[in-house]
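The exercises below ask you to read a structure step by step, with a worked solution after each task.

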Amino acid sequence: MKAVYEKYFRSNLPHIWCAGCGHGTVMAAYALALEKLGYDKNDVLAISGIGCSSRITGYLDSSTMHTAHGRALPVASGAKMCEPRLKVFVFMGDGDCTAIGGNHFIHACRRNIDITAIVMNNNIYGMTGGQYSPLTPYGKKATTAPYGNIDHSFDLVELAKGAGATYVARGDVSHMKQLSDLIVEGAQHKGFSVIEAMTPCPTSFGRYNKTPDPAQMLQIFRDVTVSVKRAEKMTAEELEGKILTGVFVNREAPEYVEDYQKLIDSFQGGDK
Amino acid sequence: MAKVKLLQGNQACLEGAISAGADFFAGYPITPSSEVAEQAATKFPKLGRKFMQMEDEIASMAAIIGASAVGHKAFTATSGPGFSLMQELLGYAANAELPLVVVNVMRGGPSTGLPTLPAQGDVQQVRWGTHGDHSIIVLSPYSVTEVYYQTIRAFNLAEQYRTPVILLMDEVIGHLRERFDVPEGYQPEIINRKAPESKENYLPFRNTEDGVPPFIALGQGEGSRYHITGLTHGESGFYSSNPQVVDQFIRRLSSKIEDHVDEIAEVEECYTEDAEILLVAYGCSARASRAAVEKLRAQGQKVGLLRLLTLWPFPDKLVAKHCAGKKAVIMPELNLGQMVREVQRVCPSDVPVKSFTKIDGSLFTPEEIINFMKKGGCL
């Protein structure tokens, strides 16, 4: 029997993702979210950058664009600006979003344009074979950090908050329903929404960091994640080494496309 | 008496874009093109059209790509350093066959170079700057009025051939203020990307007789749930590395333009019929060349000018025909001899082609061109 959300997939599966990769779960969480949102597939535009994550657009049955490395957000911004009625989702990987696309990311946050960005964070460049990304934790190994990473990583949630995103959340693939609900909430939010989706990469991250077993990686996700609500009742000691999930920012602010439409409307009936 | 309207080249460009039906501009400030952005920011919202200032030129290209994919006529304006940054996504637009217009108001380079001074150093970069085989259309206006007409043509060609088109202006054309000679109420012919006969089983990259696939915009209901990628793709739009598919696709990206060079490429002939010495020039260098030809003609010298309005696709046959039988062909350019390579490539081997170069940030004067011809023994 097909799951209800499979109607959001194209028929060109199977996908290219490795066994144990979490990206398929992110895709299922997204499809589940679309089902809840009740969007017409014809009104959805899904745009991705380059990397393992970016292949998701090839599998989704809507209008889709697989753009260039790091450039999904500005492509989406132009599309959303021109066709505001479209529901625009952007899928990025961690390197895609925060390294080569870092500038576009902070400016999309600042602009508060009504796009839902899902960052599939597996802490590594998977497609190119396991080089460290800006979200590879300090000390972890990668093919370009064979002796341990001495770059300090971004906290994507803090980065998005600092840059002005009006909805910021984090979920992980070991909590699929929560992740899906966050995507729903992010999509319903008027403004720029960022949802970090923690997803395991046993092949290119796990293999170099003594966690090559997919089940083991999922277990780690379950163990280290704590919802922000639960964290409120925990001590600093208990929170040591934990990663918070849930909603971090959900605030209203003028949305970019609406503001521009107001400007256009202000000229109706004569030049000022 | 009719009113004389003075306009700057960059302003004329915006007027042309408006007439062409462009409704989205995304850009990043850079001298000497910023007036195009300023004009778009001021005029577009009044016309119900949209302007976005992006975080850099990469994002500017990205935004107009997004706009084009959802069916809008979009453009950006930049200069050398920004144009270099746009090369990545210029290739994407060529690969994804998305119509758009990039206005490059050339300044001196390389790097930051001479921001406020003219040069023609980007004439090969426009053709070969992005990686991989593709063709592209590049127009070169030489007056403010022509900027207007060429801007409209740039949008029309982009739509007709599903390709990025570059309007390549000289700094001095972009900043020049001169008489704007477009009749009041002028209605240009407007070309829109062709639609498929049926939306059923739509193939977004289907080869057709003219090599240009019919287009349905993303997000437009039936037929629009397809995929666009910068990966090499087959007619369905999905990635393919099948040698036959790759071969057909890459060859078509070039042939859809190169096969139509006769319709695309425009030249202006000035005293070419009986000319013994031929100047070949474009942009601001063609203005000085024209003045030189007029002076020499007044002295009875048989000199002519072939002005290139289209730099790419290069009109091989046309240029070869004009060069044939000449005593000499001379090409003045504000670079170290870039387009002259094309002239040399197509010119009959018995005709000497001489390159006259200048890269000091100043313009050619007609006298300099005449002196060059005299020194070279042409006159």
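**Exercise 1.** Find what share of the contacts in chain A between residues at least 6 apart in sequence join residues at least 24 apart.

Solution. Take a contact to mean heavy atoms within 4.5 Å; among contacts in chain A between residues at least 6 apart in sequence, 67% join residues at least 24 apart. This is a predicted model, in which local features need pLDDT of at least 70 and side-chain atom pairs count only at pLDDT 80 or more, while totals for chains, interfaces and linings use all residues. Residues are numbered from 1 along each chain as its sequence is written, chains are lettered from A and ligands numbered from 1 in the order in which they are written, and side-chain values use heavy atoms, with hydrogens and water left out.

**Exercise 2.** Describe the salt bridge between A:Glu158 and A:Lys161.

Solution. A salt bridge requires a side-chain nitrogen of Lys or Arg within 4 Å of a carboxyl oxygen of Asp or Glu, and for A:Glu158 and A:Lys161 the N to O distance is 3.4 Å. Finally, consider accessibility, where buried means under 20% relative accessible area, exposed over 50%, and partly exposed in between (1.4 Å probe, protein chains only): A:Glu158 is partly exposed at 44%, and A:Lys161 is partly exposed at 34%.
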